[in-house]
Amino acid sequence: MMGGFFMATAPHAAAQVAVSIGVAPVCPYGYYEVPPYNCTPDGYYGPEWFSGGVFIGAGPWYHGSGNFYGHVDHRLDFRKGYRGPMPARGEQVAEHRAEFHGKAMHDPHGHEAPRGHK
């Protein structure tokens, strides 16, 4: 008796990966530059993050200059322990904005500025 050995080969399939990040959150004072991209409290971002009172963006939705760094207030950063009130997406900007007190600088993806960067 003759035994047969069959070798099956799977057809080659092209892998395709798509990542959809959707639209940027509509947050009155901007959104954190790292997932889950929650709305930031008033005063987290310095004035250079806004144009005409509108947040210019951070995280994967930022499409500005690659060498942009702006001031942030670490006291209002959830990664640094902030657990205070957060605005909801779609909430309106308060009539009187909080005064900004931050000294740290981040790029639009949450990375600290190089030492000595002003």
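## Getting started

A residue is called buried when its relative accessible area is under 20%, exposed when that area is over 50%, and partly exposed in between (1.4 Å probe, protein chains only). With 38% relative accessibility, Arg-97 therefore counts as partly exposed.

This is a predicted model, in which local features need pLDDT of at least 70, side-chain atom pairs count only at pLDDT 80 or more, and totals for chains, interfaces and linings use all residues. Residues are numbered from 1 along each chain as its sequence is written, and side-chain values use heavy atoms, leaving out hydrogens and water.

## Aromatic rings

Rings of Phe, Tyr and Trp (its six-membered ring) pair if their centres lie within 6.5 Å; planes under 30 degrees apart are stacked, those over 60 are edge-to-face, and the rest are tilted. By this rule there are 12 aromatic pairs. One of them joins Tyr-32 and Tyr-44 edge-to-face, with 5.0 Å between the centres and 65° between the planes. Both residues are in the segment before β1 (50–51), 12 residues apart; strands here are DSSP runs (E, at least two residues), numbered from the N terminus.

Tyr-32 is buried at 0% relative accessibility, and Tyr-44 is buried with a relative accessible area of 0%. Tyr-44 also pairs edge-to-face with Tyr-45, at 4.7 Å centre to centre and 80° between the planes. Tyr-45 is buried as well. Ring pairs link a cluster of residues, including Tyr-31, Trp-49, Phe-50 and Phe-78.

Arg-97 lies over the face of Phe-50, 5.2 Å from the ring centre. A charge sits over a ring if NZ of Lys or CZ of Arg is within 6 Å of the ring centre and within 35 degrees of the ring normal.

The side chain of Arg-97 also meets that of Asp-42 in a salt bridge (2.8 Å, N to O). Asp-42 is in the segment before β1 and Arg-97 in the loop between β3 and β4, so the pair ties together parts 55 residues apart in sequence. Asp-42 is buried, at 18% relative accessible area.

## Other salt bridges

A salt bridge needs a side-chain nitrogen of Lys or Arg within 4 Å of a carboxyl oxygen of Asp or Glu. The whole structure has four salt bridges. Among them, Arg-79 and Glu-33 meet at 3.6 Å, N to O. Arg-79 is partly exposed at 35% relative accessibility, whereas Glu-33 is buried at 2%. A network of salt bridges links Glu-33, Asp-77 and Arg-79.

Asp-73 forms a salt bridge with Arg-75, with the closest N and O atoms 2.7 Å apart. Here Asp-73 is buried at 4%, while Arg-75 is exposed at 56%.

Conventions: Helix = DSSP H or I, 4+ residues; strand = E, 2+ residues; numbered from the N terminus.
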